[in-house]
Structure formats: C-alpha cells, structure tokens
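Thanks, everyone. Please bring up the structure.

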Amino acid sequence: MLQQAWFITFCLLLMTSAVLPQTRNCFKGETLTGRGAPGEEITEAENKLCAEIKKNRDLKAIYGFVLTPKFGRLVRVYRDRAVFTFYNNIARYQELELKTEEFENFQIQLAKINPSTQPPIREPCTDMCSGYEFISLTRKGGRRVPIFASYQFPPEPMRCLQNLLKSWESSESIKTHYYLQAKFPEAKVVLTNENYSVRAVWKSGDDLRVLVVDKTKPFKSTFSWRRFSGGEPVDQAEQPRELELLGKNGSTGCGSSMVANRHPSQRMLGEYELCVGTGTKAGLWKVGSGEEKKISDGEYDSPLVTPDGKWIIAAKGDKDKPIWKSIVRIDAETNREYRVDLPVADCFYPSASVPVRNKILLVRCKQEHTPKENNPSPDPPEFYLFDPQTGEVQQTKDEIRPLMHQSFRFLQPTQKTGEFWAAIPDPKTETTRIGRYDVRNLEFTPVLALPSIIFYSYDLWMDEEGETAYIVYDFQLLSVPLSED
C-alpha cells in the first residue's frame, strides 16, 4: 500500500511539471540578462543535476531552488521515497527523508506555482539580492525559472514553497553529512546540537573537552568548557592551560573606550592586561586590580606581549597622519619605546610570536582599498622575523601561514621539539592540508588533505596516539582519521 501511495502522488506531481526534450544540459526556459543574470555556478549546478538523474535510474525527479552547486534546497523523488536536501555550506549538507504527508504538502505547493508556465521573476531589490533559479527536472528534461530577489524570501508565487522547505531544516530527523566523508568514510560528526555551538576543542588521552556556547542559558554564562562523553558535552571542566580562549577570568579586563588584542595568550603583563585606548583615552594601557595605568600616548594597534613578558610589540600610527603605521617595541619595565627600522605602511602589524625561535612575525602590507599612488605600502605583503631583544629584522619568504593563524593559543606541539601541528587552507580549491610545521626552518610537511572544507590551525587538535584529527568547523565538531579509505 505504501508503494502504491507513493506511485499515485508521484504521478500527480509529474502532471504539474514540464516534460521537455533534451537541450545542451537538459534544461529549457528563459534566462535573465543584465543585473541578476545567473552565473557560471548555476550552470554548473544544472549540469550536475542533469548528470545525476541520467545516472541514477531510481531517481525520477528533482525540484527546488538552486543558487550554486553547494547552496540550495532540493527535493529528490525516487521510486518509493522522497528526500529533501539543504545545501548551505561548502563543506556539508543536510538530508531529510520525507514522510508521506510532507511530500503531499510539497506537491500542493508545487502545483500552485505551475513551473511549466511560470516566467522569470525579477523583484526590485537593493540589498541581499541574488540571481538563482527554481528548477523542475524529470528523466525526460527540465525547466528553469530564473529569479532575482532575496534568496531566503523569494517573491510570490515562490515564497510559500520556499517557506515549506525551510521549515524542514529544523526537523529532529534531519541528518548532517560532510562531503569529505566520501573520501574519509570513517570521519564522524562528533557534535552537532542546536543547543550548543562549538568554539574550540582539546584532548589528552581519554579526556576530550570542548568549549561551547550553551544557547539555552543567559548570555553571561553561555561560554564554558565541558567534558565530552556519550556524544554530548556534560560536566563543566577547567580551561586547558594550553588554550586561553576565555582569557583571564573568562573575559577581557579592559575598561570603557579600550580594546584588547585578539591573542589572549599574548596580552598579559603579569597581573595586568594590555589594552589599547581609543578616542580621548588613546594610548597603551595596562588594566587590572581595579586600576588603569597608561604606558604610552599615541595611536596604537595590534599590541602583543612577548612570551617572556619583557617587551610589548605594537603598530603605531604617525602623529600627523595615523594611516601610516610603523612598528615599535616597548620595554615592559621602563616603558621606553624604540621604533623598528622598517618603512611605514598603511597595513603593518605584529602577527604572532614564533615558538622556539623567540622572534615576532611582522606583516607589512597594503590596505585593500587605499590608493597606490604615493603609497609606500607593499603589494603583495612582506613578512619579517623580528628579534625584540636586539631590534633586528630579517625578511622571509618561507612558509609563515601557520604562524599567522595563531589566535587564542600557540600551535599545538607534536612529540618532536620545534615541530607543531598546523592546518593550511586553500580557498581556491576548498581544500585544507593538515601537517607538521617546523618553526626552526619554517617548513610545512603535509600529512593529509581534506577536500571541501576550510579551517585553520586554531580549529585543529591532533590526537597523535589515536591518529585522529579533531576539527571545529562552523560550530560543529568533527573527527577525521589520519588515513584515507
């Protein structure tokens, strides 16, 4: 009876769609030109869907909204079932097998828009607008309805159907899949829970901890470290000493009109916290124990404290034209300031400490939108290793990306002195390589490459004994074995 019900509803559904002869990529229909015209990514998505329905004989039809090959909401109709897929990320997608009543509701909404005759839709729109398509595809051909409007809120007659698809995204039965699982089938989604968003991970032996935001609690108590057990974060735990994401007492101690740097591990001066004052409080400050002490006047940016606590390294704007920045080192005991012997630039900052070598990585670059004429800023960027004790600088063209990816912690050390685990993403190929990074020689040795995912070294924690990489990605936690299938 169930198969018969599916067959009847399937036949009714096909009556609402256009059955068209083959075209170059199996789709027909008008296209938009000018503003909002579909781009190459939509054509790529169409081609993939045409190939998919041709290859899978159990797949009878595909309907839904397509923005790119990895962004869209689609319903696939098979011989005896229907599946909703939500593509919302370059790395993952979600799937929900539809119940009979859900599929029938979809059929009703689909009939209302009549995709076989619906012309292109262009809505007057100035913000958050996209060119995308509603597609209806059967084994005999397909039709597109180009749309230029908000992707989340298309105009009528499409809005009710889009709202129905969006409502399925919160179903408890929807399952998350990562594209990399095709190459690494043992990879697992360790934690995905609508009540928690994962921000960091740490592991030692059997002790796995995650820093989560508990979205069910008031804002002031949302961040907490939890032990992970039975597939869920459970008891609260102390922050691992290698990770200082929460900073001192869980938050910055900087007062009003002040900001802290983005490296909690590199902003403490003993019991004081290093802060940058803005506006009338411009300058460098140390804050703690209920008091504020000014270190120096001026327009400072991106300050950090060296691991030994002896020096403050910061960018400083020129007195008459703060856009031109230089690098200064300040003796943390005497507050005496020394300028580093490098030309100014409109983008110039200390990026991070270099473990083992006792150096600071300096980045000298050009702001994206500043004019090139009479601009001393280099494009492409320049990188320097700076010795805070002597003031000496040395330009380098070696691999420095793992150093730039440090934020709330230093790179995780391997079992070899001077070597650290690192992750280097390539946005062009949407691939991230995990490997060993030798800070003495600034050399990176890849161990494995993960496709269709972008993350950084601070998102990674390696379990060398278990030969597993733990990755925080877009508020979820993954585990990936070091060997491929």
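Start with Cys160. This cysteine has a relative accessible area of 41%, so Cys160 counts as partly exposed. Keep in mind that we are looking at a predicted model.

Now the disulfides. How many disulfides does the count give? Three, taking sulfur pairs within 2.5 Å.

Take Cys26 and Cys50. Their sulfur atoms sit 2.0 Å apart, and the two form a disulfide. What is the hand of that disulfide? The torsion about the S-S bond is about -85°, so the Cys26 and Cys50 disulfide is left-handed. Cys26 is in the loop between α1 (2-15) and β1 (27-28), while Cys50 is in helix α2, residues 40-55. The pair therefore ties together parts that are 24 residues apart in sequence. Both Cys26 and Cys50 are buried.

Next, Cys254 and Cys275. Here the sulfur atoms of the disulfide are 1.9 Å apart. The S-S torsion is about -90°, so this disulfide is left-handed. Cys254 comes from the loop between β14 (232-236) and β15 (258-260). Cys275 belongs to strand β17, residues 272-277. The pair links distant parts of the chain, 21 residues apart. Cys254 is buried, and Cys275 is buried.

Then Cys347 and Cys365. They form a disulfide with sulfur atoms 1.9 Å apart. This pair connects two strands: Cys347 is in β24 (residues 347-354), Cys365 in β25 (residues 359-365). They lie 18 residues apart. Buried or exposed? Cys347 has 13% relative accessibility, so it counts as buried. Cys365 is buried, at 6%.

On to helix α3, residues 100-113. The helix has 14 residues. From first C-alpha to last, α3 reaches 21 Å, close to the 20 Å expected at 1.5 Å a residue. Which α3 residues are buried? Glu102, Phe103, Phe106, Gln107, Gln109, Leu110 and Ile113. An α-helix has 3.6 residues a turn, so residues three or four places apart point the same way. Look just after α3: Asn114 takes a positive phi of about 45°.

Last, a sheet. It is open and has three strands, in the order β28-β29-β30, with antiparallel pairing. The edge strands are β28 (419-426) and β30 (443-451), and each pairs on one side only. From one strand to the next, the twist averages 25°. Zoom in on β28 and β29 (residues 431-438): eight bridges join these antiparallel strands. There, Ala422 stands opposite Gly435 in β29.

That's my tour. Over to you.

Definitions and conventions: Residues are numbered from 1 along each chain as its sequence is written. This is a predicted model: local features need pLDDT of at least 70, side-chain atom pairs count only at pLDDT 80 or more; totals for chains, interfaces and linings use all residues. Side-chain values use heavy atoms; hydrogens and water are left out. Two strands pair if DSSP finds at least two bridges between them. Helices (H or I, at least four residues) and strands (E, at least two) are DSSP runs, numbered from the N terminus. Axes are lines fitted to C-alpha atoms, for helices over the stretch in contact, and angles run from 0 to 180 degrees between N-to-C directions. The expected span of a helix is 1.5 Å times one less than its number of residues. Buried means under 20% relative accessible area, exposed over 50%, partly exposed in between (1.4 Å probe, protein chains only).
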